[in-house]
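The sequence and model come first.

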Amino acid sequence: MSAKILLLIWNSTLQTLSMVFFSTLFSLVLGLPLGVLLFATGEEEQGGIIPMPLLNSVLSRIVNVLRSFPFIILMILLFPLSRLLIGTSIGTTATIVPLSIAAAPFVARIIETALKEVDPGVVQAARAMGSTNFQIVRKVLIPEAMPSLVSGVALTIINLIGYSAMAGAIGGGGLGDLAIRYGYQRFRGDIMLVAVIVILVLVEIVQIAGNRLSARLLARR
Amino acid sequence: MQIRLKDLKKSYGSLHAVNGISLSIPSNLIYGIIGKSGAGKSTLVRLISLLEKPDAGEVHFDEVRVDNLTKEELIRRRRRVGMIFQNFNLFSSRNAAQNVAYPLEIIGTPKAEIAARVAELLELVGLADRGKAPISTLSGGQKQRVAIARALACNPDILFCDEATSALDPQTTHSILSLLKEIQRKMGLTIVMITHQMEVVRDVCDRVAVLDDGRVVEEGPVTDIFAKPKSDVTKEFLSHLVGTDASSEEQMVQWSSKSGAYILRFRGETTDQPILSQITRETGIDFNIRAGGVQKVGGEVEIGTLIVDIQGSEEEQENVVARLREFGVHVEKEERP
């Protein structure tokens with residue numbers, strides 16, 4: 001494989017990493033408050049600290065709708081939004097918009113599930129001590145759920161690596177783009193193989209790092 | 001701090017969990033609230049610890065009505081109330097010292113002050129050297145001690161103990177109860193113990209209210225309740241404790257596997273008098289003693305219990321019972337099935 005091809009692979013890898021990094025960041029920014037809200041407005045028996053059935057079911061519906069959309073379709077639908085925010089709808093930077101929005105509802109559910117694992121008795125104790133709702137979320141729920149949250153974020157990153165490869169198919173750049181354009185359209189099986197292996201390695205690294213961090217947090221308790 | 005409850009009501013659907021409870025809990029003592037599961041204890045404690053609002057009725061702390069506070073007032077009021085739980089409910093993400101620090105953190109206490117206060121509190125509960133210990137490494141008794149330290153951090157006027165010893169073994173229960181008693185004396189606060197264990201009431205409480213079916217069926221000083229129980233629920237609680245039922249061996253010496261027809265309860269000085277033989281001499285009627293024992297209530301007053309059959313005709317038995325009552329003995333006739 002020539003140096004030129006290796007450089008191509010290296011650049012694509014960097015593009016994928018940047019897409020995944022920023023879309024993880026933005027999907028957390030969107031998904032964390034949404035997940036906390038989903039949890040907090042839920043039923044009291046399940047730990048909801050400010051039960052609001054109507055808001056909860058509306059949010060829950062929206063999250064479900066977004067999650068059941070095939071990612072490719074969602075991405076095409078969000079082209080106008082990318083153009084509005086970034087100025088273009090193709091390329092690595094533009095792809096961050098649909099990636100973040102596609103992952104946000106997933107993040108929200110993961111956060112909601114992690115928070116539901118927190119012992120309701122502990123939340124009751126915090127409330128009995130006169131914590132505000134914000135203090136309960138920040139100083140009790142999130143620290144208590146941290147090991148599950150870390151696993152959840154790792155899962156999100158892995159999903160986004162997969163999504164970002166798919167985004168390549170419609171001009172998103174990165175390893176997926178490389179595999180389609182060189183590997184598939186130009187019959188370069190070797191490039192496709194390398195692209196897939198790099199993606200595999202990335203996923204493996206994230207999974208192992210996530211597991212280790214989560215286990216270390218648990219061991220400290 | 002004195003607590004007054006006025007005709008409290010709370011239902012969940014068609015279940016009247018708390019069905020018109022009025023109580024006055026005097027300040028500076030340990031007050032027991034006992035009931036079987038489903039009697040409404042948990043709901044009652046959620047109402048008086050301001051975790052839930054009643055459907056009807058009022059809660060007063062001293063002269064202040066507290067069941068209708070606004071959100072901000074409620075949060076401020078809760079900070080003056082300590083609470084400990086059956087399952088300890090400690091934060092597993094924090095070590096022992098950080099758990100105790102939590103209530104101080106949420107009111108914005110400066111760091112240095114928190115450190116000093118936490119050290120003082122851990123010392124008070126006998127865990128001065130375990131501050132850095134993760135919660136999972138502590139025993140049940142130690143966890144409850146941390147929970148007590150945490151509950152006392154903000155110098156509360158009231159400490160609610162919701163089944164605080166139910167998950168602990170007898171020795172640990174005993175040590176936690178002595179700690180609570182010591183703290184009550186030192187800090188002069190009002191402790192409300194919600195429990196289903198009559199031992200807890202006997203060993204630490206000054207007064208007790210017996211709950212059944214969402215209502216108070218009996219209330220008074222613990223010594224009175226032990227010496228002269230009125231309601232069936234109370235008698236049942238006592239029978240588990242002093243062994244008038246066959247299943248319990250504690251506190252009671254049994255001479256006969258069969259239960260007797262009468263339960264006699266003596267209190268204080270009457271435990272020292274030869275009442276039975278005196279009555280036998282007067283009336284010529286014999287007692288057959290099936291079982292008997294003496295137990296200390298509140299660590300001071302002795303309550304004696306005897307389970308006996310009384311010989312003779314029904315009329316003679318009634319005479320004997322009347323004579324026993326003159327001596328200040330509380331007599332209950334067992335209903336034979």
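## Domains of chain B

Chain B is divided into domain 1, residues 3–222, and domain 2, residues 243–333. Taken over C-alpha atoms, the centres of domain 1 and domain 2 of chain B are separated by 37 Å. The model is a predicted one.

E3(B) pairs in the parallel sense with strand E8 (residues 190–195) of chain B, over 5 bridges. In this pairing B:Ile30 has B:Ile191 of E8(B) as its bridge partner. Strand E9 (residues 207–212) of chain B is also joined to E3(B) by 5 bridges, and these two strands run parallel. Here B:Ile34 stands opposite B:Val210 of E9(B).

## The open sheet

An open sheet of 4 strands in chain B has the order E2-E1-E4-E5, with antiparallel pairing. Strand E2 (15–25) and E5 of chain B stand at the edges; each has a single partner strand, so one side of each is left without a neighbour in the sheet. E4(B) and E5(B) run antiparallel and are joined by 2 bridges. The bridge partner of B:His60 in E5(B) is B:Arg65.

B:Leu50 is not a glycine, yet has a positive phi of about 70°. B:Leu50 is placed in the loop between helix H1 (41–48) and strand E4 (56–61) of chain B. B:Leu50 has 23 C-beta neighbours inside 10 Å and therefore counts as buried, the cut-off being 20 or more.

B:Asp62, also not a glycine, has a positive phi of about 50°. The loop that holds B:Asp62 runs between E4 and strand E5 (64–65) of chain B. B:Asp62 counts as exposed because there are 11 C-beta neighbours inside 10 Å, and the limit for that class is 12 or fewer.

## Nonpolar cores

The largest nonpolar core has 139 residues. Those with the most contacts inside this core are B:Val100, B:Leu122, B:Ala149, B:Cys161, B:Ile191, B:Val192 and B:Met193. Leaving aside residues up to four places away in sequence, B:Leu122 touches B:Ala96, B:Ala97, B:Val100, B:Leu127, B:Ala128, B:Gly131 and B:Ala149. A second, separate core of 14 residues includes B:Ile279, B:Val308, B:Val320 and B:Val329. In soluble globular proteins, nonpolar side chains tend to be buried together.

## Chain A

Chain A has 9 helices and 0 strands. The C-alpha trace of chain A spans about 65 × 40 × 25 Å along its principal axes. Chain A has 221 residues, of which 44% count as buried. Among contacts in chain A between residues at least 6 apart in sequence, 67% join residues at least 24 apart.

## The contact between chains A and B

To the contact, chain B gives 19 residues and chain A gives 17 residues. On the side of chain B that touches chain A, helix H2 (71–78), strand E6 (81–85) and helix H3 (96–106) of chain B each supply at least two residues. This side of chain B is made up of 10 nonpolar, 6 polar and 3 charged residues.

Key:
Residues are numbered from 1 along each chain as its sequence is written. Chains are lettered from A and ligands numbered from 1 in the order in which they are written. This is a predicted model: local features need pLDDT of at least 70, side-chain atom pairs count only at pLDDT 80 or more; totals for chains, interfaces and linings use all residues. Two residues are in contact if their C-beta atoms, placed from the backbone, lie within 7 Å. Ala, Val, Leu, Ile, Met, Phe, Trp, Tyr, Cys and Pro count as nonpolar, Asp, Glu, Lys and Arg as charged, and the others, Gly among them, as polar. A nonpolar core is a set of buried Ala, Val, Leu, Ile, Met, Phe, Trp, Tyr and Cys residues joined through C-beta atoms within 7 Å. Two strands pair if DSSP finds at least two bridges between them. Domain bounds come from an automatic or database domain assignment.
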